[in-house]
Amino acid sequence: MAGGSFVDSNGVRHYEGKVTGFVLITCFVAAMGGLLFGYDLGITGGVTSMDPFLIKFFPVVYRQMKGEAESKSQYCKFDNQLLTLFTSSLYLAALIACFFASTTTRMFGRKPSMFIGGLFFLIGALLNGLAINIEMLIIGRILLGFGVGFCNQSVPVYLSEMAPAKIRGALNIGFQMMITIGILIANLINYGTSKHENGWRMSLGIGAVPAILLCIGSLCLDETPNSLIERDQHEKAKEMLKKIRGTENVEEEYQDLVDASEAAKMVDHPWKNIVQPKYRPQLIFCIFIPTFQQLTGINVIMFYAPVLFKILGFGNDASLMSAVITGVVNVVATLVSIFTVDKFGRRVLFLEGGAQMLICQVIIGIMIGLKFGLNGEGSFSKGEADVLLFFICAYVAAFAWSWGPLGWLVPSETCSLEIRPAGQAINVAMNMLFTFIIAQVFLTMLCHLKFGLFFLFAGCVVIMTLFIALLLPETKNVPIEEMNRIWKAHWFWTKIVPDVAATVAPGKKVVP
């Protein structure tokens, strides 16, 4: 391959290189940052359904659940703002932290952000496990949120920069894979600890384990070539590029990275830069993809699954086991995404997942509406509960191979270096903002909208699927440094993005 690269008919350059074991191991270690986020998503709903935890911290909710308080419909049994604050405070803290993490990631590298994230999560998990009052519990949640904010800012960027273009999707989805594994582990731990008086302490405290793994792992990782060049360590960057590409012929890619870095350094205000017309697509996707990801309603299932199943009439053990089952489906479906995202592309998975989620949300809403009606009185038979669980699992599977992993992948891979920290900060901030909003208002919305809440989420799925169908170009196999070129080939963005001169260097071959 002459010159180490070739340019295809769309003007996109492809570099020489192969998939190395070093890259796979490095990306696996970095993706462990997703374990923290996933473990917390899974552990929270299980803990808030445990009687000893509710008696100690939320006795009003416990009395409502047991029918000792004023009469409440099934829809409203867990409606308590302090309880939802326990869940949602983490995501508000993560929203704030991601902006500090953006600066840390840019100035000091991706590794320090991962280590800081692991350290915050470690302290928060220990505080939660040892909590003796609600204040200690909330402070622990806030520290966990700082950890999640730093990790969610740095890990997707690290994975996108280390991975070769042809498997960037699969390696980046390793982050979502670790999230789903974290959720499953948390569900299993909740099921095992639920019968112990202090089981909630074990569930919350064990969160220190993935945090320790990430802290140790981040110290062992190498920094990305992009980050090294960004901090003027050019020789180390070139050696690292040779190491991760498995070839000595990296001059073309290295020079493109240097050029991108020089262009980035000319930007005095990246937050002003990202609002320029030439970056309008990236800004739109960094805002709307994480927003839509949360408006699928998935975190209703992820962190309120045991509570939701209890509301729907499942027993305590059955509700926790049902959460385990959805966790297994989540992991398996994410594997599907890993093996298909670089073969079929991002758009196919987005569109199929959206259609499947829509159908499942409508069926779930109809089943709950027919059984509980508007007064919230009723319960499912075992057969009906099994059918409901099937459609919930089908919904989780659709999310897990579409909006789940792609919600992190697409924003992180479409931002060029000069706007990448700002773009990823916006991505994480929007994700955390809407995760916070959904976590804070879901139980209240369920109380007031009842089964109609599921139709509301279904309507959101229709809008977001149309958004992808009309506005997202295919990004598979496009090198991250060449991503700016795809907008000029898109029917809509070519009207928005100013023309950029596209040249083919001497000796480069254009492939039709």
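Hi everyone. Axes here are lines fitted to C-alpha atoms, for helices over the stretch in contact, and angles run from 0 to 180 degrees between N-to-C directions. Helices are DSSP runs of H or I with at least four residues, numbered from the N terminus.

What you see is a predicted model, where local features need pLDDT of at least 70, side-chain atom pairs count only at pLDDT 80 or more, and totals for chains, interfaces and linings use all residues. Residues are numbered from 1 along each chain as its sequence is written, and side-chain values use heavy atoms, leaving out hydrogens and water.

Let's start with helix α18, residues 346-372, and helix α19, residues 382-400. They pack at about 155°, with axes 8 Å apart. Angles over 145 degrees count as roughly antiparallel, so α18 and α19 are roughly antiparallel to each other. Their contact (heavy atoms within 4.5 Å) includes Met357, Ile364 and Met367 of α18 and Leu388, Phe391 and Tyr395 of α19. How do the residues of this contact divide? There are 15 nonpolar, three polar and two charged. For these classes, Ala, Val, Leu, Ile, Met, Phe, Trp, Tyr, Cys and Pro are nonpolar, Asp, Glu, Lys and Arg are charged, and the others, Gly among them, are polar.

Next, find α6, residues 110-129, and α10, residues 208-220. This pair packs at about 160°, with axes 8 Å apart, and is therefore roughly antiparallel. Among the residues that meet are Phe115, Leu119 and Leu122 in α6 and Ala211, Ile212 and Cys215 in α10. The contact of α6 with α10 has 13 nonpolar residues, two polar and one charged.

The last pair is α5, residues 81-108, with α21, residues 420-449, at about 175° and with axes 8 Å apart. That makes α5 roughly antiparallel to α21. Their contact divides into 18 nonpolar, eight polar and one charged.

A cavity is a set of points on a 1 Å grid over the protein atoms alone where a 1.4 Å probe fits but cannot get out; lining residues have an atom within 4 Å of a point. Volume means the space filled by probe spheres set on the points, which are joined across faces, edges and corners.

How many cavities of 30 Å³ or more does the whole structure hold? The search finds three.

Notes. Helices (H or I, at least four residues) and strands (E, at least two) are DSSP runs, numbered from the N terminus. Angles under 35 degrees count as roughly parallel, over 145 as roughly antiparallel, 65 to 115 as roughly perpendicular and the rest as oblique. On a 1 Å grid over the protein atoms alone, a cavity is a set of points where a 1.4 Å probe fits but cannot get out, and a pocket is an open set with protein on both sides within 12 Å along at least five of seven lines; lining residues have an atom within 4 Å of a point.
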